[in-house]
Amino acid sequence: MLDTGVPGLNQVLGGGLPSYSFNLIAGTPGSGKTTLAMQCMYGIATPERPGLFITMLGETSVKMLRYQQLFSFFDASQIGSSVHFLNLSEEALTGDLDAMLFRITEEVQRLGPSIMVVDSYRSLIKAAEAPEGYVEQFVQRLSLHLATWEITTLLIGEYPDQELRDPVFTVADGIFWLSQATNRNSVVRRLQVVKSRGAAPMPGLHTIRLNQDGIQVFPRTPFRSEDVPARGLTRLSTGIAGLDAMLGGGIPAGDSLVLAGPTGTGKTTFAMRFVAAGLQTGEAAVIIIFEEHPDAYLSRARAVDVDLPGAIRDGRLRIIYLRPLDLSVDETLEEIRVSVAEIGATRVVIDSLSGFELA
């Protein structure tokens, strides 16, 4: 397995990208296909086994580099050593697939790359205007050559959602489908591993984020029994006089507790006391808020004699404010999981579930 260098993608793929595999990155325009392929190439390529990025009719190498250099993973110093580019627009315009295969073969034999990206495969096939049987034969010949050369390949293609009739879908070892959909007033990008030979990918749709760092994948987190630690007999103090005695010593460590009630019944104050009780014994905590700004939340805590700023300065408390962010459920859960892991939190407060649903 190859480390893709894309946060979260290795986990979704079941460990990484299979070596010498022939893969298709498919999806609609703007879903992040080229960025994902470029990021993978930078993660895999080395000076000894470089990467080869082939551009066709979609855009020239210069135009593509103009936009890709805006991402933090892009390193111009690696161009010409670890990363090489080849533009075949002239050859693609003639529609001669045999000549195209010859040029690719010639460049591969010269560079000996470990990974090759073809952007875009679909534009090449459309320009060829060849009979369907000839196109399928070209795809099979290309995949056989690449297997012989021991190259991991990523073909990029623009397809309408779930159009699976192209010959490349049969030949490909892996098919990664990228999509973007409007959800209320938000646009959510997702990744689905439709096919992956020799691997056990995580099923379903996984949210992806495209920002200045490139692509980040947020794997869905299915329940696994081995992830759940064994329950002990430890109980955590609520920090509220008399309540620990009523609960037999406090809340069992590892439990999930729901505080339910109408507005003004003290739910947030209860949660603040619970966090403060843990901080007083040296524990760490994470508070996730959706309904008010952190400054307002801290002011309210001081009003009930709970001092949270000191714990924040000590690195034992982290307050995550998620309301203004346009996040999916997967992104929100990942934000919480990472924060808990980084500070070793044993207490987590989500304030509130209704705010979570609205956000």
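Why does Val258 count as exposed? Because its relative accessibility is 60%, and exposed means over 50% relative accessible area, buried under 20% and partly exposed in between (1.4 Å probe, protein chains only).

This is a predicted model, in which local features need pLDDT of at least 70, side-chain atom pairs count only at pLDDT 80 or more, and totals for chains, interfaces and linings use all residues. Residues are numbered from 1 along each chain as its sequence is written, and side-chain values use heavy atoms, with hydrogens and water left out.

**View 1. The whole protein chain holds 14 helices and 14 strands.** Helices (H or I, at least four residues) and strands (E, at least two) are DSSP runs, numbered from the N terminus. Of the 359 residues, 48% count as buried. The chain exposes about 17900 Å². Carbon and sulfur atoms supply 52% of that area. Areas come from the Shrake-Rupley method with a 1.4 Å probe; for residues, only the protein chains shown count as cover.

**View 2. Strand β2 (residues 51–55) is mostly covered.** Five of its five residues are buried. Gly51, Phe53 and Thr55 point one way from β2. Leu52 and Ile54 point the other way. β2 pairs with β3 (residues 83–87) in the parallel sense, over five bridges. Two strands pair if DSSP finds at least two bridges between them. Thr55 stands opposite Asn87 in β3. β2 also pairs with β4 (residues 115–119), again parallel and over five bridges. There, Phe53 has Val117 as its bridge partner.

**View 3. Three strands form an open sheet in the order β13-β12-β14.** The pairing is parallel. β13 (317–321) and β14 (347–351) are the edge strands, and each pairs on one side only. From one strand to the next, the twist averages 10 degrees. Five bridges join β12 (residues 285–289) to β14. Ile289 stands opposite Asp351 in β14.

**View 4. Helices α11 and α13 lie across β12, β13 and β14.** Helix α11 (residues 294–303) runs at about 130 degrees to β13. Helix α13 (residues 329–343) runs at about 165 degrees to β13. Axes are lines fitted to C-alpha atoms, for helices over the stretch in contact (heavy atoms within 4.5 Å). Angles run from 0 to 180 degrees between N-to-C directions.

**View 5. Val258 lies in the loop between β11 (251–252) and α10 (267–280).** At 60% relative accessibility, Val258 counts as exposed.
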